[in-house]
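Welcome! Please take a moment with the sequence and the 3D view before reading on.

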Amino acid sequence: MANILDGFDWTTPFIADACVQLALPVRVGPHGLKPNIAGARASGPARPARHAGSTDVFLEAIAAAKQGDVLVIDNGGRHDEGCIGDLVVGGAFMSGIAGTVCWGTHRDTGAILAFGAKVWSLGTCPNGPLELRRRHVTALEAANLGSVTVTRDDYVFADDDGVVVVATADLNRIVETARDIASREGAQAARLLKGELLRTQLDLDKYVATRNSNPDYTFREHLKTFGGAIEI
């Protein structure tokens, strides 16, 4: 599994499109999850941690994590507390965590950058947690990212476009399909740079003519006739 992404310039859109093509659930983190470093990417097995106002859950998750895991923190999407800061994120980074994804906010932005650690969150908040809450019995087993529940059976991809979660059991075929999509889309982009407009590549005139005679004919059906990479 460690080498499955070697040589693949993956993006979360490629992974999401692969899920669509394979008729798998498209599990995308909530809008607003952004990296602290422009252009940052991270991928790896999920290591969930559900926050309840205390740092111990993060320390336990990091201690149990393997090199290359992605720490997935559930703080219920709260904006009123920075539930992680430089010591937690830095500690995760120094322990070999590939990246930290937080459904909530972080603080100590400059110090985290000094570590070179990657964190995806809903933004920043200067104060830490102001109250303790009851710790959930599955705090180290499952974490929510909005409507997506992430467990240790999942694999996480994160970049500038957001976060995509897939089942580890489906990872090989998702990556294989994503590679194919990336290859075809790259070829289309190269043709575009040479002046062949996308509407020409996709034979829009033929599609419109067919649709005019058959109103039920869809653009997806049209694309399947010649293997276009765009899934719309």
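What covers the buried residues of α5? The cover includes α1, β11, β12 and α6 (198–201), where covering rests on contact, meaning heavy atoms within 4.5 Å.

## Before we start

This is a predicted model, in which local features need pLDDT of at least 70, side-chain atom pairs count only at pLDDT 80 or more, and totals for chains, interfaces and linings use all residues. Residues are numbered from 1 along each chain as its sequence is written, and side-chain values use heavy atoms, with hydrogens and water left out. Helices (H or I, at least four residues) and strands (E, at least two) are DSSP runs, numbered from the N terminus.

## The helix α5

Let us begin with α5 itself. Its 23 residues should span 33 Å at 1.5 Å a residue, and the end C-alpha atoms are 32 Å apart, so the two values agree; the expected span is 1.5 Å times one less than the number of residues. Buried residues of α5 include Leu-171, Ile-174, Val-175 and Ile-181; buried means under 20% relative accessible area, exposed over 50%, and partly exposed in between (1.4 Å probe, protein chains only). After α5 comes Gly-195, with a positive phi near 105°.

## The nonpolar core

In soluble globular proteins, nonpolar side chains tend to be buried together. A nonpolar core here is a set of buried Ala, Val, Leu, Ile, Met, Phe, Trp, Tyr and Cys residues joined through side-chain atoms within 4.5 Å. The largest one has 20 residues, and Leu-5, Phe-8, Phe-157 and Val-166 touch the most other members. Two or more residues each come from α1 (12–21), β11 (154–159), β12 (162–167) and α5 (171–193). The largest share, six residues, belongs to α5.

Leaving aside residues up to four places away in sequence, Phe-157 touches several residues, among them Leu-5, Trp-10, Ile-15, Val-166, Leu-171 and Val-175.

## The sheet

Eight strands make an open sheet with mixed pairing, in the order β1-β12-β11-β3-β4-β6-β8-β2; two strands pair if DSSP finds at least two bridges between them. At the edges, β1 (27–28) and β2 (34–35) each pair on one side only. The antiparallel strands β11 and β12 are joined by six bridges, and Phe-157 has Val-164 in β12 as its bridge partner.

## An exposed leucine

Leu-130 lies in the loop between β8 (119–121) and β9 (142–145). Leu-130 counts as exposed because its relative accessibility is 74%.
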